[in-house]
Amino acid sequence: MFKNQEFQLEITDIGDSGEGIGHFEGMAVFVNGTLPGDVILAGATKVKKKYAYARMIELIEPSAYRVESPCPISDKCGGCSLMSLSYEKQLEYKAKKVRDKLIRIGGFDERFLDSIAEPILGMTDPMRYRNKAQYPVGEDGNGRIITGFYAVHSHRIVAAEDCYIGDKSDADILSVIKKWMTKNDVSAYDETSGKGVVRHVLIRRGCASKEGSALATDVDENIQQILVCLIVNSNDLPYKESLISDLSRIQGMHSISININTRRDNVILGKVTKTLWGEDTIRDHSLGIGFNISPASFFQVNRRQTVKLYEKALSYASLTGKETVWDLYCGIGTISLFLAQKVKKVLGVEIVPEAIEDAKKNAKEGGFDNAFFMTGAAEEIIPAYYEGRISFGDADEVAGHEAGHPDVVVVDPPRKGCDEKLLATILSVGPDRIVYVSCDPATLARDLRILTDGGYELRKYCPCDMFPFSHHVETVVLMGKTVTRSKSHVDLGLDVEDYYKIKDAEKEQE
Ligand code: SAH
């Protein structure tokens with residue numbers, strides 16, 4: 001194959017970033033914007049030894065799974081690579097992606113996986129699920145201010161005011177900001193020169209309780225608290241009064257802030273956030289618990305699926321009320337507080353200080369006296385705590401368990417997965433159960449292999465679709481201590497549930 005060569009290609013699979021994959025002359029060929037079942041005229045753009053990249057010149061025969069994309073810019077925007085794939089097929093692709101990674105990277109047996117895998121948790125209505133969007137701000141060829149999304153594999157902005165997986169009324173907020181920038185000649189940040197002021201607009205929405213109700217369970221999705229944060233390349237915002245005056249009139253506006261980021265890299269948020277108007281945080285509710293959320297804190301973007309994800313994690317934790325649980329990478333304490341209702345105590349560790357402040361406030365306001373939080377990297381805090389070099393403050397006073405001995409450890413790391421130092425400590429600590437919530441199946445598979453080699457076994461897993469239309473997939477996994485055995489349930493021809501019933505009975509007899 002050579003560059004610019006044109007050839008007919010049938011797409012047979014989907015790659016890790018949602019790109020179509022076909023085979024030509026024994027080479028895997030990756031083509032953005034294509035789907036399994038498409039037959040295309042491809043033009044090679046980059047040819048490597050064993051694989052190549054190509055672009056679609058013509059769609060000769062569309063896949064039976066192709067649907068009309070509800071979003072007018074989905075073929076240009078880098079956000080949703082699966083917008084034209086039927087939702088049913090998206091779910092199938094995501095479940096397969098998790099399975100493939102567990103086999104290829106984790107080294108797990110496929111029959112074993114099929115016997116323990118739970119069906120992927122999908123959405124009934126997958127549109128407009130996001131409660132958060134980060135719009136880059138720039139200028140078009142005529143010097144007009146635009147907001148939008150980055151194009152595939154680039155930082156070129158595809159202009160857009162509405163995102164079909166986000167909230168429709170983001171457009172009103174963006175329109176106010178663009179008008180204000182134009183009127184006052186406030187510039188957009190330019191990545192090449194490092195000059196200009198406004199880099200991104202972060203919009204987040206929480207769902208408040210129904211009017212007159214203080215109950216966290218009484219949520220009304222239509223009553224919103226909106227947070228707008230302008231990420232700026234300066235220490236202050238010029239002409240901020242007029243922006244505040246216009247933005248604060250938008251119904252539901254609750255918090256207006258700037259985040260200062262004068263760095264030249266791709267990281268969106270800087271370290272300092274200043275509230276310009278309203279509260280520092282907005283509130284949202286999940287599973288009957290209220291949460292305060294700062295601009296810099298992580299909060300799940302899909303509130304309808306979050307409930308399913310956390311309920312799955314809770315069911316895997318099999319709690320009786322007596323347990324000590326560690327919730328590592330805890331964010332604002334969402335999983336921690338959900339579990340705190342069912343256990344003796346929860347210790348949460350998280351690296352972002354604002355998130356820990358939110359977590360502590362959330363625990364206090366929710367009346368939880370058994371949830372404790374500490375700021376720091378899990379891979380540093382946990383070894384130090386286990387080795388007795390630091391204490392968890394008041395948490396260690398809660399009787400019932402020795403410090404450093406959790407019954408259940410929950411980890412919910414970012415895409416890069418858990419640090420090896422942390423996994424090694426978890427193995428030394430030896431909790432009965434490990435619940436791993438993952439947003440990247442490749443690093444999940446890598447970490448599960450380390451835990452398996454260290455004496456744990458995979459008991460169950462369940463993929464969950466937190467991000468419809470994108471290639472991302474979340475997975476909840478239950479691991480338990482390895483049952484000493486000579487033969488696996490596959491060898492014995494047993495269903496996995498029966499297998500563990502027998503094993504548990506054997507253990508009890510011992
Ligand atoms: N469990 C939470 C947050 C999960 S997102 C929830 O469901 O809401 C992952 C979190 O890990 C983020 O809040 C991120 O700030 C945090 N994080 C990233 N690296 C970390 C590290 N090394 N140690 C502890 N927390 C970390």
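The lining of the second largest pocket is made up of twelve nonpolar, 14 polar and four charged residues. In this classing, Ala, Val, Leu, Ile, Met, Phe, Trp, Tyr, Cys and Pro are nonpolar, Asp, Glu, Lys and Arg are charged, and the others, Gly among them, are polar. The model is a predicted one: local features need pLDDT of at least 70 and side-chain atom pairs count only at pLDDT 80 or more, while totals for chains, interfaces and linings use all residues. Residues are numbered from 1 along each chain as its sequence is written, and side-chain values use heavy atoms, with hydrogens and water left out.

**The second largest pocket**

- This pocket has a volume of about 760 Å³; a pocket is an open set of points, on a 1 Å grid over the protein atoms alone, with protein on both sides within 12 Å along at least five of seven lines.
- Of the 30 lining residues, Asn 32, Gly 33, Asp 75, Ser 81 and Val 152 are the closest to the pocket centre; a lining residue has an atom within 4 Å of a point.
- Strand 3 (27–31) and strand 5 (51–61) are the elements that give two or more residues to this lining, and strand 5 brings the largest share, with five residues.
- Strands (E, at least two residues) and helices (H or I, at least four) are DSSP runs numbered from the N terminus.
- Domain 1 (6–66) and domain 2 (132–286) each contribute at least three residues to the lining of the second largest pocket.

**Domains**

- The chain is split into domain 1 (6–66), domain 2 (132–286) and domain 3 (303–509), with bounds that come from an automatic or database domain assignment.
- Between the C-alpha centres of domain 1 and domain 2 the distance is 37 Å.

**The barrel**

- Five strands close into a barrel with the order 1-2-3-5-4 and mixed pairing, where two strands pair if DSSP finds at least two bridges between them.
- Strand 1 (residues 6–14) pairs antiparallel with strand 4 (residues 39–47) over five bridges, and Leu 9 stands opposite Ile 40 in strand 4.
- Strand 1 is also joined to strand 2 (residues 20–24) by three bridges, again antiparallel, with Ile 14 opposite Gly 20 and Asp 13 partnered by Ile 21.
- Five residues separate strand 1 and strand 2 in their hairpin, and Gly 18 in the turn has a positive phi of about 85°.

- Seven strands form an open sheet in the order 17-16-15-18-19-21-20, with mixed pairing.
- Strand 17 (371–375) and strand 20 (456–464) are the edge strands, each pairing on one side only.
- The twist in this sheet averages 15° from one strand to the next.
- Strand 16 (residues 345–350) runs parallel to strand 17, joined by five bridges, and Val 349 stands opposite Met 374.
- Helix 1 (residues 87–104) lies across strand 20 and strand 21 (474–481), at about 155° to strand 20.

**The cavity**

- There is one cavity of 30 Å³ or more, a cavity being a set of grid points where a 1.4 Å probe fits but cannot get out.
- The volume of the largest cavity is about 30 Å³, a volume being the space filled by probe spheres set on the points, which are joined across faces, edges and corners.
- Among the residues lining the largest cavity are Arg 130, Asp 167, Asp 170 and Arg 205, and the lining divides into two nonpolar, two polar and five charged residues.

Terms used: Axes are lines fitted to C-alpha atoms, for helices over the stretch in contact, and angles run from 0 to 180 degrees between N-to-C directions. Contact means heavy atoms within 4.5 Å.
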